[in-house]
Amino acid sequence: MSEQAETSGIQFGLFTVSDVTQNPVTGETPSEGQKIKDAITIAKHAEEVGLDVFAVGEHHNPPFWSSSPSTTLAAIAAQTERIILSTSTTLITTNDPVKIAEDFAMLQHISDGRTDLMLGRGNTGPVYPWFGKDIRQGLPLAIENYALLRKLWDEDVVDWEGKFRTPLQGFTSTPRPLDGVAPFVWHGSIRTPEIAEQAAYYGDGFFANNIFWPKEHYQRLIELYRQRYAHYGHGTPEQAIVGLGGQVFMRAKSQDAVNEFRPYFDNAPVYGHGPSMEDFTEMTPLTVGSPQQVIDRYAAMRDTFGDYQRQLFLIDHAGLPLKVVLEQLDILGGEVVPELRRELAKNRPANVPDAPTHAARVKAVYGDGPAREARPGANRGDNLTGGSPYQDAVAPAGAAFGLSRKEA
């Protein structure tokens, strides 16, 4: 079994939308190349200050740079040791499930299991025709593609026929998932109950980005997910795996934070030139102020959403320069997250699961026994006439998703 640092309770980290935005204070716009290098620097520093997760989104149009998240995360994996590497999100609708299966199994091996991913449909409509898809089929694509992705990770040899891609016959996705346990999957959505239903059906995690809408909007989606998670027999509603986003800007004095962040807010491509910063911070989880204000607000999130497993923050958007982002990370890791860990551990019920890690999920399948190590036999790429192309015994049913035969 691969080595991986354990985290307990709730995981804290960053997620980036990968925007390349003009700095409204200096008037300078960084290059795409500089922003890519900056993201790697930020991820490395996130590990240094004690955060647990770094996640990067997927976009295929300016002003965003992250068209290949798995490539970026592999580069980060080679320069880090502990931090979990994830996406926010991977487009399940327009990516080929075969490529997702292979890319993220490969990333598992490169990172020694420090890999999970968040699947979603994205928020850029034109991406569908860019990849030969029909936006009107967005939900059916998400449902069919994910069913195939699971099958590719769960079975050594796959026969498949669906509506949206050519059939597969005797196909093996390589490499096989690390230790016979596929990456944990989160399903991300800001408005679609069908995605919450999908996450609940499979017993996967559900992530609400918790940025652009009032908390009541996300509360309804999360409550739906929790109830349906229990309906499908995965546990109680309180045992469902929930992740939240958020965004903050901090200085020691709250007014200094307000004054410094205002030009970035006012000119941000997403929410600039709209509501005032004061109105937006009142209506959404955006918190601009002192570290204690951030602690108070995010410690209270479980009053609305229940105990949860992952909290990610957006801190590198809207043209903020790298120096400022690293300063924000120092505050987050040095002052805010340690206190949030303490606050959110208080009175946390014993039946609420810890955040998922690869090591814990491998142990759930194999106990103290050896995990799977896939070793191919002699094979010319034709699996049509034989069984598994691997020498070892087939992993237990459901093993790729952290379930033992008994649990499945």
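The legends below describe close-up views of a predicted model.

**Figure 1. Confidence along the chain of the predicted model.** The protein chain has a mean pLDDT of 90, with 92% of its residues at 70 or more. Residues 1–8 form a stretch with pLDDT below 50, for which the model shows 23 contacts beyond near neighbours in sequence. In residues 394–408 the pLDDT is likewise below 50, and this stretch has 38 contacts in the model beyond near neighbours in sequence.

Figure 2. Ser18 belongs to the loop between strand E1 (11–16) and helix H1 (32–48). Although Ser18 is not a glycine, its phi is positive, at about 65 degrees. With a relative accessible area of 1%, Ser18 falls under the 20% limit and is therefore buried. Pro63 is placed in another stretch of chain, the loop between strand E2 (53–56) and helix H2 (69–77). Leaving aside residues up to four places away in sequence, Pro63 touches Ser18, Asp19 and Val20. The C-alpha atoms of Pro63 and Val20 are 5.2 Å apart in space, while the two residues are 43 residues apart in sequence. Pro63 itself is partly exposed, its relative accessible area being 36%.

Figure 3. Most residues other than glycine have a negative phi, and most peptide bonds are trans. The bond that joins Ser88 and Thr89 is cis, with omega about 20 degrees. Thr89 sits in the loop between strand E3 (84–87) and strand E4 (90–91). A cis peptide bond also leads from Thr174 to Pro175, where omega is near -5 degrees. The loop that contains Pro175 runs between strand E7 (168–171) and strand E8 (184–188). Asn347, a residue other than glycine, has a positive phi near 60 degrees. Its loop lies between helix H12 (322–345) and helix H13 (358–366). Asn347 has a relative accessible area of 74%, which is over 50%, so the residue is exposed.

**Figure 4. The stacked pair of Phe249 and Phe261.** The whole structure contains 10 aromatic pairs. In the pair formed by Phe249 and Phe261, the ring centres are 5.1 Å apart and the planes are 25 degrees apart, a stacked arrangement. Phe249 comes from strand E11 (residues 248–250) and Phe261 from helix H8 (residues 254–266), so that the pair links parts of the chain 12 residues apart. Phe249 is buried, with a relative accessible area of 0%, and Phe261 is buried at 1%.

Figure 5. The ring centres of Tyr298 and Phe313 lie 5.1 Å apart, and the pair is edge-to-face because the planes meet at 65 degrees. Helix H10 (residues 291–299) carries Tyr298 and strand E13 (residues 310–313) carries Phe313, so the pair ties together parts 15 residues apart in sequence. Tyr298 is buried, with a relative accessible area of 1%; Phe313 is buried at 0%. Elsewhere, ring pairs link Tyr146, Tyr201, Tyr202 and Tyr232 into a cluster.

**Figure 6. The second largest cavity and its lining.** Six cavities of 30 Å³ or more are found in a search of the whole structure. By class, five lining residues are nonpolar, six are polar and two are charged.

How values were computed:
Residues are numbered from 1 along each chain as its sequence is written. This is a predicted model: local features need pLDDT of at least 70, side-chain atom pairs count only at pLDDT 80 or more; totals for chains, interfaces and linings use all residues. Side-chain values use heavy atoms; hydrogens and water are left out. On a 1 Å grid over the protein atoms alone, a cavity is a set of points where a 1.4 Å probe fits but cannot get out, and a pocket is an open set with protein on both sides within 12 Å along at least five of seven lines; lining residues have an atom within 4 Å of a point. Grid points are joined across faces, edges and corners, and a volume is the space filled by probe spheres set on the points. Ala, Val, Leu, Ile, Met, Phe, Trp, Tyr, Cys and Pro count as nonpolar, Asp, Glu, Lys and Arg as charged, and the others, Gly among them, as polar. Helices (H or I, at least four residues) and strands (E, at least two) are DSSP runs, numbered from the N terminus. Buried means under 20% relative accessible area, exposed over 50%, partly exposed in between (1.4 Å probe, protein chains only). Contact means heavy atoms within 4.5 Å. pLDDT is the predictor's confidence in each residue, from 0 to 100. Rings of Phe, Tyr and Trp (its six-membered ring) pair if their centres lie within 6.5 Å; planes under 30 degrees apart count as stacked, over 60 as edge-to-face and the rest as tilted.
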